Amino acid sequence: MNSLTRYERHLILPGVGDEGQQKINSARVLIVGMGGLGSPVALYLAAAGVGTMGLSDFDLVEESNLQRQVIHSMQSIGKPKVESARERINALNPHINVAVHNVKLDSENAVGIIKSYDIIADCSDNFETRYILNEACVLLEKPCIHGSIFEFRGQVSVFCTEEGPCYRCLYPEPPPGRVFGTLGTLPGIIGSIMANETLKLILKAPNLAGRLLLFNAWETNFKELRVEKDENCPICGKNIVT
Ligand SMILES: [Zn+2]
């Protein structure tokens, strides 16, 4: 591979260039969840040349996933999602070092899995995993890119930065979860924004920390809310009662 050719459009881009591409090539990103959000995050980060990518999921690919989980294909059905995703990433960019974590992320193993990565992309689909990841990211001081979708709506932010809020500052209590429908393109849009934020964290560019970006796929509009750090947050607040 000639990396000058592969990454040419980055190398000539102000704000990235040779130095930025080297940062991307040496970055270590963990993607938690290889579903609708994890698919575009993994594909775009692999294409951009993120040098080490960890993939965490414990599900097998099912036919009903293919409506939106674009990293997988008909040949992937029945395979572990992390293996299917690894094959696709290797086919796209064989110079990426891919590590697979084919386990359910829980409070026992989260710190061990996360600690060797610089940035975490939370592409999970449930509050339990988001809370566990958030707590581990605060503990280890790892920035966490959050994305989630519900029916026609999606949201993105960056949590657990040095100054910014964490996920529990936004959601002190988990809302009730249930299985829901979603338009197949929505995770592609939200996941692409997550990949965008990941690259900018690597490049130390301005990002969504302290801002929650909301997208409505039915009305096709974006809104933005400020998210403040909560001094009384049970995870990252200064007034933690132990
Ligand atoms: Zn917090």
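Biologist: Where does Ser84 lie?

Modeller: Ser84 lies in helix H5; helices are DSSP runs (H or I) of at least four residues, numbered from the N terminus. This is a predicted model, in which local features need pLDDT of at least 70 and side-chain atom pairs count only at pLDDT 80 or more, while totals for chains, interfaces and linings use all residues. Residues are numbered from 1 along each chain as its sequence is written, and side-chain values use heavy atoms, with hydrogens and water left out.

Biologist: Is Ser84 buried or exposed?

Modeller: Ser84 counts as buried because its relative accessibility is 4%. Buried means under 20% relative accessible area, exposed over 50%, and partly exposed in between (1.4 Å probe, protein chains only).

Biologist: Which residues is Ser84 in contact with, leaving aside neighbours within four places in sequence?

Modeller: They are Val61, Ile71, His72 and Ser76, where contact means heavy atoms within 4.5 Å.

Biologist: At what angle do H4 and H5 pack?

Modeller: The angle between H4 and H5 (residues 81-92) is about 30°, and their axes are 9 Å apart. H4 is therefore roughly parallel to H5. Axes are lines fitted to C-alpha atoms, for helices over the stretch in contact, and angles run from 0 to 180 degrees between N-to-C directions. Angles under 35 degrees count as roughly parallel, over 145 as roughly antiparallel, 65 to 115 as roughly perpendicular and the rest as oblique.

Biologist: Which residues make that contact?

Modeller: H4 contributes Ala42, Leu43, Ala46 and Ala47, and H5 contributes Arg88, Ile89 and Leu92. Six of these residues are nonpolar, none is polar and one is charged. Ala, Val, Leu, Ile, Met, Phe, Trp, Tyr, Cys and Pro count as nonpolar, Asp, Glu, Lys and Arg as charged, and the others, Gly among them, as polar.

Biologist: Turning to H3, which of its residues are buried?

Modeller: In H3 (residues 17-26), the buried residues are Gly17, Gly20, Gln21 and Ile24. They lie on the same side of H3 because they cover an arc of only 100° around the axis, taken from the directions from the helix axis to the C-beta atoms.

Biologist: What covers them?

Modeller: The cover includes helix H2 (8-11), helix H4 (38-48) and helix H9 (186-202). The face of H3 turned away from its buried side carries the exposed residues Glu19 and Ser26.

How values were computed. Helices (H or I, at least four residues) and strands (E, at least two) are DSSP runs, numbered from the N terminus.
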